[in-house]
Amino acid sequence: MAGVVLCGGRSSRMGRPKAWLPFGGEALLQRVVRRLGEAAWPIAVVAAPGQDLPPLPAGVLVVRDPEEGRGPLQGIAVGLGAVAPRAERAYISATDAPFLHPAFVRRLADLQAGGHAVAVPWADGHHHPLCAVYACSARADAAALLAEGTLRLSSLFERARTLIVQPELLLADPRLRAADPALRSLRNLNTPEDYAAALRELDAAEAAPGGSAGRP
């Protein structure tokens, strides 16, 4: 299983590029790539045309959206195409997922392996399409939707065989329940307030017994 990180969004609500936000001694994109790389490889980062990125580990693929403003469905299609020669499926992540845990990635991968093209969580009243596992074959469906001018990610779930994963099913795995009981892997940072709150959580974890060894 490969990993894909989408970082080509405009970060309009954040007010500055999310990929470069400092988080625990590294840029946010570097952190997400590192955490995802513990459960998936290779990693492809999908960036906007001309977007500047922080340094990334050797072997990480950087690919570019062919057009700006076509949303995450295009990024998913590009990312799946980049890793398809070396993997059958990929975990797709946004850049702004600082608490992504490898156990979460592995749990979704196990569920997707049951014969579905996509395994996507449903929590807080909506899908989490950038915390999901996609078969690389789903790229054909994504490309077909893009060719029709359809950019809604939910259209992909209607077209491809999709498992909608409730929190209870995720946490039925004792490994995930121990590692991420609150499913903070689903958290993203859209605003400066979200970012400040996440930094406070990180600081609290590092101040707890065990220090940085127990940090999320």
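**Exercise 1.** Which side chain of opposite charge is nearest to Arg107, and how far away is it?

*Solution.* Start with the ground rules. This is a predicted model, where local features need pLDDT of at least 70, side-chain atom pairs count only at pLDDT 80 or more, and totals for chains, interfaces and linings use all residues. Residues are numbered from 1 along each chain as its sequence is written, and side-chain values use heavy atoms, with hydrogens and water left out.

Step 1. Locate the residue. Arg107 lies in helix 3. Helices here are DSSP runs of H or I, at least four residues, numbered from the N terminus.

Step 2. Check burial and charge. Arg107 is buried (under 20% relative accessible area; exposed is over 50%, partly exposed in between; 1.4 Å probe, protein chains only). Lys and Arg count as positive, Asp and Glu as negative; His and the chain ends are not counted.

Step 3. Find the partner. A salt bridge needs a side-chain nitrogen of Lys or Arg within 4 Å of a carboxyl oxygen of Asp or Glu.

**Exercise 2.** Which backbone oxygens does the side chain of Arg107 reach?

*Solution.* Step 1. A polar atom of the Arg107 side chain lies 2.6 Å from the backbone oxygen of Leu169.

Step 1. The backbone oxygen of Leu170 is reached at 3.2 Å.

Step 2. Widen the view to contacts (heavy atoms within 4.5 Å). Beyond neighbours within four places in sequence, Arg107 touches Leu169, Leu170, Ala172, Asp173 and Leu176.

**Exercise 3.** Trace the salt-bridge network that includes Arg175.

*Solution.* Step 1. Take Asp110. Asp110 pairs with Arg175, with the closest N and O atoms 3.4 Å apart. The pair links distant parts of the chain: Asp110 is in helix 3 (residues 102–112), Arg175 in helix 7 (residues 174–179), 65 residues apart.

Step 1. The closest N and O atoms of Arg175 and Asp173 are 3.2 Å apart, in a salt bridge.

Step 2. Asp110 is partly exposed at 43%. Arg175 is exposed at 53%. Asp173 is buried at 6%.

Step 3. Join the pairs. Shared partners place Asp110, Asp173 and Arg175 in one network.

**Exercise 4.** Is Val83 buried or exposed, and what does it contact?

*Solution.* Step 1. Val83 lies in helix 2 (residues 71–83).

Step 1. Its relative accessible area is 1%, so Val83 is buried.

Step 2. Setting aside neighbours within four places in sequence, Val83 contacts Ala2, Gly3, Val4, Pro42, Ala44, Ala90 and Cys136.

How values were computed:
Helix = DSSP H or I, 4+ residues; strand = E, 2+ residues; numbered from the N terminus. Polar contact = N/O pair within 3.5 Å; in protein donor to acceptor, adjacent residues only side chain to side chain.
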